[in-house]
Amino acid sequence: MALTPAGDGGTRIHVVSDVHGNARDLARAGEGADALVCLGDLILFLDYADHSRGIFPDLFGAENAHRIVALRTERRFEEAREFGARLWAGVGEDRAAVIERAVRKQYAELFSAFPTPTYATYGNVDMPPLFREYAGPGVTVLDGERVEIGGRVFGFVGGGLRTPMRTPYEISDEEYAAKVAAVGEVDVLCTHIPPEVPELVYDTVARRFERGSRALLDAIRRTRPRYALFGHVHQPLVRRMRIGSTECVNVGHFAGTGRPFALRW
C-alpha cells in the first residue's frame, strides 16, 4: 500500500517500535504520513500481558507461559532456562527449525502490512537474516546505515545488547558501538534500544533496568542530532527528555497502543 500524505506542504513521518505481532494496527500506522519508520521487535514470542498469545504459548500452552513469565519477572533466569529446556526436549523436532517456521509465519503477515515507503531496522527479538527476504520493493532495511527522508538524514542502528534474557539479536557492546560510529552525524538517530540514561531504561511495570547503550549516549552528546528515537522499554519512567540539544523520544509500545509517533517538519 502506497502512503498518501496529508498534503499540508510539510513532511510527516510516523515511527513505530515493539510491534510484537500487531499486524492489524501496523497496516494503518502510515496513514497521513510520507513514510513509516519501524524500529524493530516485530515478533511476538511471548506476551507478558496476555500469556495466551505468542509463539511460546502456541507451542506449550498458557499455563507454561505463565510459569516462565513468573520466573523471568522474579529474575530467576537460570531456572527459567532450565524450565524452557525441559519443555523443548519434549518437542521432538529441532528447536531452531520450529522457531524459524513460526517467525516466518509472523513476518509474512507483518511485512505485507508495511506501507510504501517503510524504513525498518531490527529489534533484539527479531531474526535479522529474514528481514531482507520478506522486505518488499517499498521496504528498506537499514542497520548501521543512513538514508535521506524528506530532506533530513536518518541513521539506523538495530538490535540490543546482551542480557540474561538471551533474546535472539543481542550483540556485544563493541559490535553495537561500531554500528553507532558507522552512522556518524545525522539529523534523526533511530535505534531499537535507548541511550544509557536511568530514566529512559527503567521499566516501571517490570521494575527493572533494561539495557541501554553508553556508545549511543556518547554519540548523541558528540554529534547532537535533532532527534534520537527508540523503543524497547515498554513502560519507561520517562518517555522523552533532552540530552543537550537532542530530543530523545521513546516512540511507544506499538503492540499495546496501536498508535505511531508522528515526527513533523
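This report covers strands, aromatic pairs, a pocket and some backbone features of a predicted model.

## Basis

Residues are numbered from 1 along each chain as its sequence is written, and side-chain values use heavy atoms, with hydrogens and water left out. In this predicted model, local features need pLDDT of at least 70 and side-chain atom pairs count only at pLDDT 80 or more, while totals for chains, interfaces and linings use all residues.

Strands here are DSSP runs of E with at least two residues, helices are runs of H or I with at least four, and both are numbered from the N terminus. Two strands pair if DSSP finds at least two bridges between them.

Strand 3 (residues 118-120) pairs with strand 4 in the parallel sense, over three bridges. Tyrosine 119 has threonine 140 in strand 4 as its bridge partner.

Strands of a sheet pair through backbone hydrogen bonds, either parallel or antiparallel. Strand 6 and strand 9 run parallel and are joined by four bridges. Phenylalanine 154 has valine 188 in strand 9 as its bridge partner. Strand 9 also pairs with strand 12 (residues 227-230), in the parallel sense and over three bridges. Here leucine 189 stands opposite alanine 228 in strand 12.

In a regular strand the side chains alternate between the two faces of the sheet. In strand 9 (residues 188-191), Val188 and Cys190 point one way, and Leu189 and Thr191 point the other way. All four are buried. Buried means under 20% relative accessible area, exposed means over 50%, and partly exposed lies in between (1.4 Å probe, protein chains only).

## Aromatic pairs

The whole structure holds 13 aromatic pairs. Rings of Phe, Tyr and Trp (its six-membered ring) pair if their centres lie within 6.5 Å; planes under 30 degrees apart count as stacked, over 60 as edge-to-face and the rest as tilted. Phenylalanine 111 and tyrosine 134 form a tilted pair, 6.4 Å centre to centre with 35° between the planes. Phenylalanine 111 sits in helix 5 (residues 95-113) and tyrosine 134 in helix 6 (residues 131-134), so the pair ties together parts that are 23 residues apart in sequence. Phenylalanine 111 counts as buried because its relative accessibility is 5%. Tyrosine 134, at 22%, counts as partly exposed.

A further tilted pair joins phenylalanine 154 and tryptophan 265, with centres 6.1 Å apart and planes at 40°. It links distant parts of the chain: phenylalanine 154 lies in strand 6 (residues 152-157) and tryptophan 265 in the segment after strand 15, 111 residues apart. Phenylalanine 154 is buried at 0% relative accessibility. Tryptophan 265 is partly exposed at 25%. One aromatic cluster consists of Tyr107, Phe111, Phe114, Tyr122, Phe131, Tyr134 and Tyr169.

## The second largest pocket

The second largest pocket has a volume of about 280 Å³. A pocket is an open set of points on a 1 Å grid over the protein atoms alone, where a 1.4 Å probe fits, with protein on both sides within 12 Å along at least five of seven lines; lining residues have an atom within 4 Å of a point. Grid points are joined across faces, edges and corners, and the volume is the space filled by probe spheres set on the points.

Of the 14 lining residues, Ile55, Asp58, Ala102, Lys105 and Gln106 are the closest to the centre of this pocket. Helix 2 (55-60) and helix 5 are the elements that give two or more residues to its lining. Helix 5 gives the most, with seven residues. By class, the lining has six nonpolar (Ala, Val, Leu, Ile, Met, Phe, Trp, Tyr, Cys, Pro), five charged (Asp, Glu, Lys, Arg) and three polar residues (the others, Gly among them).

## Backbone features

The peptide bond from threonine 116 to proline 117 is cis, with omega near 0°. Proline 117 belongs to the loop between helix 5 and strand 3.

Aspartate 18 is not a glycine, yet has a positive phi of about 55°. Aspartate 18 is placed in the loop between strand 1 (12-16) and helix 1 (23-26), and is buried at 1% relative accessibility. Aspartate 41, also not a glycine, has a positive phi of about 60°. Aspartate 41 lies in the loop between strand 2 (35-38) and helix 2, and is buried at 3% relative accessibility.
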